[in-house]
Amino acid sequence: MQTATGISYAKIILIGEHAVVYGQPAIALPVPSVRLVATLAPAASGQMIESSFYHGALAAVTPAFAGIAKLIKALLAHFDASAAPFTLTIASMLPAERGMGSSAACSVAIIRAFYGAFAAPLTQTTLLNWASLSEKAIHGNPSGLDAATVSADRPQWFVRGEQLQPIAFPSRGVLVIADTGVKGQTGQAVAAVATLLKQNPAQYGPLIEQIGAATRLAATALGEDDLLALGQQMTVAQQALAQLGVSSSQLNQLIEIANAHGALGAKLTGSGQGGCMIALAANPAAAATIAAALTEAGATATWQYDFAQKENPA
Ligand code: MEV
């Protein structure tokens, strides 16, 4: 083992969450300015993890970190190093359980650090296979969208089980991302939607189709630089997500505030029931107005993703 680092990014789902679990498309983007870095280093003794998620020995992890611990143990076994002493340090700018993909980002950065530490080549397919090990342990039935996006370097069109496809984004417009400060559990939200679909497929099934249709129209709007149409489809998706029970009073409030301050559309992002929302602004000045209003209304943090700056570097 040699010292190595792995990097991953926060992810924002522009549109398509939840429906993507049932085979509909989703559009998501990595946010390179909000990143997670995992550093794996050989140590004299012990197998230690140092992070804001968990701090202590691998053998004694808390239940919340068990999925990541399962991944680490499997990687150690894969590299024939189950007893090797190490320190794994995880430095994250992502808030946990807020729909920004923190668990997937943690998994992806750790896998990259392990492959670097053992000087092994890593394909995207192998990376995503490893990530699904921990994502399934943490979230139950993940689509794979989170891991695919946090490991990508540009916006993606994603359909479960298919190859990712980079998707063109408009030449203008800004997404404002705001955190409600309330935790949301992806596994619970996905399970709640599954229960509704099982109990009443005639009522809830069409909402999944509606989100899929809105996602396809959003892709057309992106290609045509049509921010108004994109904003409209975000609003359509939000209405369907609310009917699926994954919005919340805090999310609804921030969405209303954004719309009242000039957003072209706004919705929750990620699994919902807490977490973050996004609002589409026509330009940076409009984004600043919306961000200020969201902060005033109680958002605990805001970020911006400017479509004109393709890389949105740190
Ligand atoms: C969570 O970020 C996105 C969901 O669609 C779940 C998934 O795709 O696995 C809610």
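1. UniProt positions are given here in the numbering used for this structure, feature names are shortened, and annotations may be inferred rather than shown by experiment. With that in mind, an unreviewed UniProt entry lists residues 219-298 as "domain: GHMP kinase C-terminal".

2. The model is predicted, and local features need pLDDT of at least 70, side-chain atom pairs count only at pLDDT 80 or more, while totals for chains, interfaces and linings use all residues. Residues are numbered from 1 along each chain as its sequence is written, and side-chain values use heavy atoms, with hydrogens and water left out.

3. The protein chain is divided into domain 1 (4-158) and domain 2 (169-306), with bounds that come from an automatic or database domain assignment. The C-alpha centres of domain 1 and domain 2 lie 25 Å apart. To the contact between them, which means heavy atoms within 4.5 Å, domain 1 gives 27 residues and domain 2 gives 42 residues.

4. One sheet to trace is an open one of 4 strands, in the order β9-β10-β8-β11, with antiparallel pairing; two strands pair if DSSP finds at least two bridges between them. Its edge strands are β9 (265-269) and β11 (301-306), each of which pairs on one side only. From one strand to the next the twist averages 20°. Strand β8 (residues 174-179) is joined to β11 by 6 bridges, and the two run antiparallel; Ala178 stands opposite Thr302 in β11.

5. Helix α7 (residues 227-243) lies across β8, β9 and β10 (276-281), running at about 45° to β9. Helix α8 (residues 249-260) also lies across β8, β9 and β10, but runs at about 155° to β9.

6. Helix α7 has 17 residues and reaches 25 Å from its first C-alpha to its last, close to the expected 24 Å, where the expected span is 1.5 Å times one less than the number of residues. Among its buried residues are Leu227, Leu230, Met234 and Leu241; buried means under 20% relative accessible area, exposed over 50%, and partly exposed in between (1.4 Å probe, protein chains only). What covers the buried residues of α7 includes β1 (4-15), β8, α6, α8, β9 and β10.

7. Helix α5 (residues 186-199) has 14 residues and reaches 20 Å from first to last C-alpha, close to the 20 Å expected. Its buried residues, including Val190, Val193 and Leu197, pack against α3 (124-139) and α6 (201-223). Gln188 also has its place in helix α5, yet Gln188 is exposed, with a relative accessible area of 53%. Gln188 and Asn141 are 47 residues apart in sequence and 10 Å apart in space, C-alpha to C-alpha.

8. Strand β3 (residues 47-51) runs parallel to strand β5 (residues 86-92), joined by 5 bridges, and Ile49 stands opposite Leu88 in β5. β3 also pairs with strand β4 (residues 55-57) in the antiparallel sense over 3 bridges, and a hairpin of 3 residues joins β3 to β4. In β4, the bridge partner of Ile49 is Gly56.

Note on methods. Axes fitted to C-alpha atoms, helices over the stretch in contact; angles between N-to-C directions.
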